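Dear colleague,

Please find below the structure that I am handing over to you. My findings follow it.

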Amino acid sequence: MITASSDTASPQTAGARRTTTRRDRAMSGVPIEVAGLAKRISGVDAVRDASFVAAPGRVTGFLGPNGAGKSTTLRMLLGLTRPDAGTALIGGIRYQELPDPTGTVGAVLDIAAAHPAMTARGHLRSFAALGGHDAARVERVAELTGISEYLDRRAGTFSTGMRQRLSLATALLGDPDVLVLDEPSNGLDPAGIVWLRTFLREFAASGRTVLLSSHVLTELQHGIDDLVLIDRGRVTWSGPLASFTDRGTSLEAAFLELTSTAASDIEGVRA
Amino acid sequence: MSRLIRGEFAKLFATRLPLWSLVIAACCGGGLTGLLALVGPENATPPLPGLDTAEGVGIVVGMSGLLLFVPALIGTIAVTGEYRHRTIGTTFLTAPRRGRVLAAKLLVFGALGIAYGLVASLFAGTAVMVGAALQGVELGVQLGALAALLGRLALAAAVYMILGVAIGALARHQLLAVGIVLGYFYFLEHVLMIIPGVNVIHPYLPGGATAALTDFTFLSDAIAEQLPLAAAATTSPFVGALVLLGYAAVAAWVAIAIPLRRDLR
């Protein structure tokens, strides 16, 4: 008798659902789907009707000028901020309702830091315990992010670049299927930026999802597959990076055009 | 839930806070009480009853009740530190059900509060006994009665630490929260104690309930001597304990309920 292997079992069948492992999810992939997201902060529309998808197996860049609503969107996606309208789903589920949040999504945010008095090891151990992950993951994520030598130093003594690596290490504790990174290159030196780009590429190549924000266009240019442009709270363009640059102009010119023209013009070019 | 409690314990012990808390507890418990016991309360200005009287022991031990704002401050600083150092984002990402996180935190700090209280009481008790021995007087109370009094102080310390955590969770801003705790215990409650008419509620304020719990009426008696006021009454130790636990329960409930809806920025 032939039994369906876990790789081919349909996740829709009730029986398979129970036995669906995280590896299966990685095979089919865990997408990020944002639809109609809106948020007013202190009387300003920080995000207006934002919709986009970040697909598994691809690196999606979330690009926009400072104050465009990138961080607010990502915080709504991660359940840290409540949206006024719209939904943000990860694999079809809201972040707060994920059965194993840090085992599904790893996030690098500026509002998710390490206590300066803790050693990197103490920080990683604490959050491994809080997330229900094996303590052995601490050494593993330190290796992955290149901070093994610094594990016993206090986070307060870290440079900005090291702090970003520690933040990424924390995000990887649960071996997630999705990575969400808000301005991860801040404070990284050029070698660090190249390292991060390579790391994210490999992460996505294994069928997993990467969504990273930046306000620096050139930083995303070489590292992403898909692009989501946001300006003044609106998603003004989204699609494959290739078709964005096919518009005939240089990426920079297109970016400037899309982020400086009036909102009415932007409607016309929205993907 | 047990995972969250383990996680919160891991976080607590990844810093030196537990160690420092207990050192501070030893100083607060042993320090003020020890000083008074060694000098001899009868040598204080104005003279107080000696250690050979039950009243004297009560006053000397009860003095450490005046330092109960310290465990409250420890709780407040620990919780607001999560906001100040922006680790709260990491915490809420790891455990998005915030109510449970706060509940775990309150349990963990309740445990630290009990440890704090036991250490402070141990040192206060030792100080009183050493003080009496040095003066060559018999302690004015039975050992069992002393232990019971110290136990009540330990309970008060745990409650104050929980109150501190709750205030910190609500205020979020570290300086603001510390200001609230100090402003209340150092200033507001004493003001409420001397306003005629208003001071009838004093037994039901945290300080008044603590005074009842530890039979420590020294302050209100002193105020009554200085001012044309009836001494603010205290309730029985049992009611005092209930009032304090009530405050802890309300503070805990508010601390669990409020952060649920707040945006993190």
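Which residue of β7(A) does Val180(A) stand opposite? Val180(A) faces Leu211(A) there.

Before the details, some conventions apply. The model is predicted, so local features need pLDDT of at least 70 and side-chain atom pairs count only at pLDDT 80 or more, while totals for chains, interfaces and linings use all residues. Residues are numbered from 1 along each chain as its sequence is written, and chains are lettered from A and ligands numbered from 1 in the order in which they are written.

The parallel strands of chain A

Helices (H or I, at least four residues) and strands (E, at least two) are DSSP runs, numbered from the N terminus. Two strands pair if DSSP finds at least two bridges between them. Strand β6 (residues 178-182) of chain A pairs in the parallel sense with β7 (residues 209-214) over 5 bridges. Strand β5 (residues 105-108) of chain A also runs parallel to β6(A), joined by 4 bridges, and Ala107(A) stands opposite Val180(A). From β6(A) the chain crosses through helix α8 (residues 190-205) to β7(A) in a right-handed β-α-β crossover (with the strands pointing away from the viewer, the path from the first strand over the helix to the second runs clockwise).

In β6(A), 5 of 5 residues are buried (20 or more other C-beta atoms, placed from the backbone, lie within 10 Å of the residue's own). Val178(A), Val180(A) and Asp182(A) are on one side, with Leu179(A) and Leu181(A) on the other.

The antiparallel sheet

An open sheet of 3 strands has the order β2-β1-β4 in chain A, with antiparallel pairing. Its edge strands are β2 (44-54) and β4 (85-90), each pairing on one side only. Between β1 (residues 32-41) and β2 of chain A there are 7 bridges, and Ile32(A) stands opposite Ala54(A).

The contact between the chains

Chain A gives 30 residues to the contact and chain B gives 24 residues (two residues are in contact if their C-beta atoms, placed from the backbone, lie within 7 Å). On the side of chain A, α4 (101-104) and α5 (120-131) each supply at least two residues, and α5(A) gives the most, with 8 residues.

Confidence

The mean pLDDT (the predictor's confidence in each residue, from 0 to 100) of chain A is 84, and 83% of its residues reach 70 or more. Over residues 262-271 of chain A the pLDDT is below 50.

Definitions and conventions. A residue is buried if 20 or more other C-beta atoms lie within 10 Å of its own, exposed if 12 or fewer, and partly exposed in between; C-beta atoms are placed from the backbone.
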